[in-house]
Amino acid sequence: RGPDPVSATGVPLDVPQSARSQSGAYLTTSQGTRLPDTDHSLKAGDRGPILLRDHHLREKITHFDHERIPERVVHARGAAAHGVFRSYGSASSLTFAGFLAEDVETPVFVRFSTVLGSRGSADTVRDTRGFAVKFYTAEGTFDLVGNNIPVFFIQDAIKFPDVVHAAKPHPDREIPQAQSAHDTFWDFVSLHTEAQHHTMWNMSDRGIPRSYRTMEGFGIHTFRLIAADGSTTLVKWHWKPVAGVHSLVWEEAQLISGMDPDFHRRDLADAIEAGAYPQWELGVQVLEDTADQTYAGIDLLDPTKIVPEELAPVQPIGLLTLTGNPINYFAETEQVAFHPGNLVPGIDVTDDPLLAGRLFSYIDTQITRLGGPNFGQLPINRPQAPVNDMLRDGMHQTAVHGGVAPYRPNSLDGGCPFTADAASGGYVEVAQPLPASQKVRAAPASFADHFSQPRIFYRSLTEVEQQHLIEAYSFELSKCYEETIRLRQLQALAEIDTELCAAVAAGLGVEAPSASEPPGEVEPSPALSQVGGEWPVA
Ligand code: HEM
């Protein structure tokens, strides 16, 4: 019998004793029958054949045969921790979400991950990192499912299978586990130049974090907050590590991959065990909710764009502290199920076409990964608010529902005395006007600029950081077998910054192409409203 999960972690693993599998002084079968021996099969005589009637043997092996579940289709390798989020209350003028009111403490579970390697891959590869936070609020669960890079590869969820197929290991040899050192990755990002911005962040030092504890986190998409008076604001979520942002250098990352492939998960667990609790401030960039949902010429529905912090500073709204390691990797880190659609009253999504696809995808994949529709009942996924849904039955149902009429109104179970209405605090989507429109299968013109933001990013780096980035592009592109792909990627770099392109070309020993005039390029307007600096701090 393990330690009590609540006192060991100080966090939300609210597992009733009855649901825990290890209790009592004796080993038993799964049905609780006491075992005389679990080391020898039942045989016909000392050296005779094993008997099929040995139920304990068959139960033990059958259960073992089914111990593995499919790994996540992306973000398979991860490490997680329990903690607490304390809200400063400074966002309470922007949203009536209860957990963002002043001095509210909310238990959280946070899972960090790499995106592309399998469950057994190394921690320090060059890749994006997942940064997923589950807030167990009193008003239901809120998931902030972000990454350590503020932009994404694609602008429309319909391309997610394509980018992942391109970035995952090649289907023939199943290499590499790292993201970028292969032909299909560079083929994709050079043909889909919207991916250039995210790729540049990957090639920068941000692609090889020193520790999960020293990574920023970003919600990426623009979200909408709703205030008590019904007014709305657009926000971008940011996690700022109190320990600062630190990366490895490439040689360190390579050495560590060999010497300690578990470097990041070990670092996280060791820090927490030693009482050096990792902390992040949660902040928001606050943007006016205008009819066109743009800011300073930047389309806020385009997840390949940031809003520079110089234009809209990040306003701190709370502090996250990780205080407890999971007791059981499988039960917690592996079975946790995040979903960007897990929202609480006061927070809503926008029409970012990437986010819309995510709202469908997570629950769908989890039905396969976690064996049916009842994974919300797993201890790590259980809300810490009362749950009273009318969902019934299904694979792995663990609830014993009473009553006969799971519908409302009804005339059999007392007419269903439970309320479901907006007036008494139900979740209400913002009544955002829909554009007068016709069906369109195309990207808006405002999504066409693929180069100005990577250019801003490259030019914002110090000389040393620029040198690291040039070396990263040169190294990763040198792994491409196809010359044409390398040249196409160099062409994209030429559109971003000719000096960068020349330096990478020199690293590859080829001639640098010259820049063409990319169509549709828009520099962010310098005439900026200062909404970000003026929001009312409660
Ligand atoms: C998993 C972030 C885009 C589908 C994850 C995880 C993170 C994440 C952090 C791991 C969650 C965990 O630790 O369990 C993001 C971000 C995105 C993005 C920040 C863009 C801004 C997408 C899109 C799709 C998608 C566009 C599909 C249309 C998935 C799936 C999983 C996943 C299927 C596995 C979930 C599971 O098995 O539980 N994503 N993702 N993601 N993501 Fe995304």
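Which element gives the most residues to the shell around the ligand? In this predicted model, that element is helix H9, which supplies eight residues. The ligand is surrounded by 29 residues, the closest being Arg-72, His-75, Arg-111, Gly-130 and Ser-361. Two or more residues of this shell are given by each of strand E2 (105-114), strand E3 (129-137), strand E4 (140-147) and helix H9 (353-369).

When residues up to four places away in sequence are not counted, Phe-135 touches Phe-85, Phe-99, Thr-106, Val-108, Thr-141 and Phe-142. Phe-135 and Ile-363 are separated by 228 residues in sequence and, from C-alpha to C-alpha, by 17 Å in space.

Val-108, one of the residues touched by Phe-135, is also among those with the most contacts inside the largest nonpolar core, together with Val-110, Val-235, Leu-287, Leu-493, Cys-501 and Val-504. This core has 100 residues, and its largest share, six residues, comes from H12.

Helix H12 (483-496) is in turn one of the elements against which the buried residues of H4 pack, the others being helix H3 (160-167), helix H5 (196-203) and helix H11 (463-478). Within H4 itself, which spans residues 183-191, the buried positions are Phe-185, Trp-186, Phe-188, Val-189 and Ser-190.

Notes
Residues numbered from 1 in each chain as written. Predicted model: local features only at pLDDT ≥ 70, side-chain atom pairs only at ≥ 80, totals over all residues. Buried ≥ 20, exposed ≤ 12 C-beta atoms within 10 Å, placed from the backbone. Helix = DSSP H or I, 4+ residues; strand = E, 2+ residues; numbered from the N terminus. Contact = placed C-beta atoms within 7 Å. Core = buried A, V, L, I, M, F, W, Y, C linked by C-beta atoms within 7 Å. Near = placed C-beta within 6 Å.
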